[in-house]
Amino acid sequence: MRHWKQIIKDLSIRKKLLLCFGFTSLLLLISNLVLYKEVNRSINRIDQIYVSNITLNDLSDALTSTHEEVYEYLSTKSSSALENYYRSGQQFRDLLEDLNGETRDNSMLLLEKNIKNMSDTYLATADNTVAAKRGRNIQRYKNCYAEAEELYRYITSYIDNLNRRQFQVNSSSYKTLLVSLQYMEVVSTAILIFVAVVNIIFLVLLTQSIIGPLILLARTADEVAEGNLNAPLLEVTSADEVGTVTKAFNQMVYSIRDHIQRTKDSMEKEQRMMERELLMKNHLKDAQLKYLQAQINPHFLFNSLNAGAQLAMMEDAEKTCLFVERMADFFRYNVRKMSEDATLGEELEAVDNYIYILNVRFAGDINYMKETDAGVEDIRVPSMSLQPIVENSVNYGIRHMEGEGYIHVTVKREVGQVIIRIKDNGKGMEPEKIKAILENTPEGHRGQSESTGIGINNVKSRMELYYDRKGLLQIESRGPDQGTVVSLIIPLETE
């Protein structure tokens, strides 16, 4: 018993309430079902008691109606009387079907058999009377009617006798059922009282197990709220929510006793330090972004200008002019965007200029393709985000490969983001190299100091600082000579 009490104590309050209401509902349901079944059975038995008397009364009424219609027809010879006779006779025949027609040891069943036989004879005689009347055989219908009249009196007396005896039997059964109903009423009242008492006891025990610890907890909490931190800790006697809250309250009081003075002394100092730390993080983030954007190596500029001078000597002025204009646009964009962000359209235009310059320098060896979705040109991105990746694809992917190299740039708008993919068919990358670049290890920086000097690590860092999110740059390669795909994810919610 004690074991079960502890199990109930350890249940959660929700389970205790469900158990209480479930038990109460089950008791009420069972008691109501039992009472309902007994009441229905008693009602059915009471209904069946007087069914036989009602049937006999209906039979007597049908016989009387038939006999009266015969007399009416003999007196008036009207078609309506004849029609009523046939209707009443058919009703009388239908009721006779329910009577016993076999010889039995029971006296009342023998009475039913006699009534049924005499009724059949009566109906045959009544039919003969009507037929003689219709045939205008006066003597015959008078004799038949006299015989029918005698049978009618016999049948009526037999029905009254049977009805009286049946009523006596039914009255005795009714008294027995009445006593049974009174007994069932007492039993049902006792059951309801028992269920109510059990429910009250169960509810009292349940509420006591919940409210008792809560009262103690409330009293102690009031003492602590008034400043008495030396109030005795509460004993935990259950594993339900109240026990959990009691444990937490005890731990809270203990922690307050142990740390309140130190917390009071250091609160203001800690707040000042947090403000300074937040301010330093903001300055550091801004400095990192500007520092990474300013890492431009002029080596690429010198090489490109030398190529422009050589082109001016070898070709007409128009090509030289176009080349110099593209060069000017490219480096003007680099200088102007060093300390600010740019639109995606400006970044794609910078890539176009860069590819043009390279194709002039290396005799058009780079096959460049670009596919962009509509409406993405105005999205803001960190400046110099795409050109370093394209530059990396040229320098380490397709520059020294055999055959024609291509670079394919696609910009696709998806739900909540824009995906930029820069794909080449160059030498590809080993998994170790990809891992080193993404994890920003020294191996990932090796070999990225040529040209503009902004490597993939730099782009990755600036993207993470700009959007305050990791995993925005992804690199895929199937292995040597399988090409490389670099993907940039631009979140639109921070646009």
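The largest nonpolar core has 41 residues, and Leu-344 and Ile-407 touch the most other members. A nonpolar core here is a set of buried Ala, Val, Leu, Ile, Met, Phe, Trp, Tyr and Cys residues joined through side-chain atoms within 4.5 Å. Helix α10 (residues 344-361) gives the most to this core, with seven residues. Apart from this core lies another, of 20 residues, with Phe-92, Ala-148, Leu-151 and Tyr-152 among them. In soluble globular proteins, nonpolar side chains tend to be buried together.

This is a predicted model: local features need pLDDT of at least 70, side-chain atom pairs count only at pLDDT 80 or more, and totals for chains, interfaces and linings use all residues. Residues are numbered from 1 along each chain as its sequence is written, and side-chain values use heavy atoms, with hydrogens and water left out.

Now the contacts of Ile-407. Leaving aside residues up to four places away in sequence, Ile-407 touches several residues, including Ile-355, Tyr-368, Val-390, Val-394 and Ile-422. A contact means heavy atoms within 4.5 Å. Across the chain, among contacts between residues at least 6 apart in sequence, 72% join residues at least 24 apart.

The chain has 14 helices and seven strands. These are DSSP runs, numbered from the N terminus: helices are H or I with at least four residues, strands are E with at least two. Of the 495 residues, 36% are buried. Buried means under 20% relative accessible area, exposed means over 50%, and partly exposed lies in between (1.4 Å probe, protein chains only).

Next, the strands. β4 and strand β5 (residues 417-424) pair in the antiparallel sense over eight bridges. Two strands count as paired if DSSP finds at least two bridges between them. Val-411 has Ile-420 in β5 as its bridge partner. The hairpin of β4 and β5 has two residues between the strands, and Gly-416 there takes a positive phi near 80°. On to the next pairing: β5 and strand β7 (residues 484-491) are also antiparallel, over eight bridges. Gln-417 stands opposite Pro-491 in β7.

Charged pairs come next. The structure holds seven salt bridges. Each is a side-chain nitrogen of Lys or Arg within 4 Å of a carboxyl oxygen of Asp or Glu. One of them joins Asp-373 and Lys-412, at 3.8 Å from N to O. This pair links distant parts of the chain, 39 residues apart: Asp-373 sits in the loop between β2 (366-372) and β3 (380-382), Lys-412 in strand β4 (residues 405-414). Asp-373 counts as partly exposed because its relative accessibility is 23%. Lys-412 is partly exposed too, at 32%.

Lys-460, Glu-464 and Lys-470 are linked in a network of salt bridges. Glu-464 meets Lys-460 at 3.1 Å, N to O. Both lie in helix α14 (residues 456-467), four residues apart, about one turn of the helix. Glu-464 also bridges to Lys-470, with the closest N and O atoms 3.4 Å apart. Glu-464 is buried, at 16% relative accessible area, whereas Lys-470 is exposed, at 66%.

Finally, the surface. The accessible surface of the chain comes to about 30100 Å², of which 56% belongs to carbon and sulfur atoms. Areas come from the Shrake-Rupley method with a 1.4 Å probe; for residues, only the protein chains shown count as cover. Leu-26, Leu-29, Ile-30, Leu-33 and Val-34 make a nonpolar surface patch of about 450 Å². Patches are made of residues with over 30% relative accessible area and no salt bridge: like charges are joined within 9 Å, nonpolar side chains (Val, Leu, Ile, Met, Phe, Trp, Tyr) within 5 Å. Ile-30 lies in helix α2 (residues 13-49). Its relative accessible area is 46%, so Ile-30 is partly exposed.
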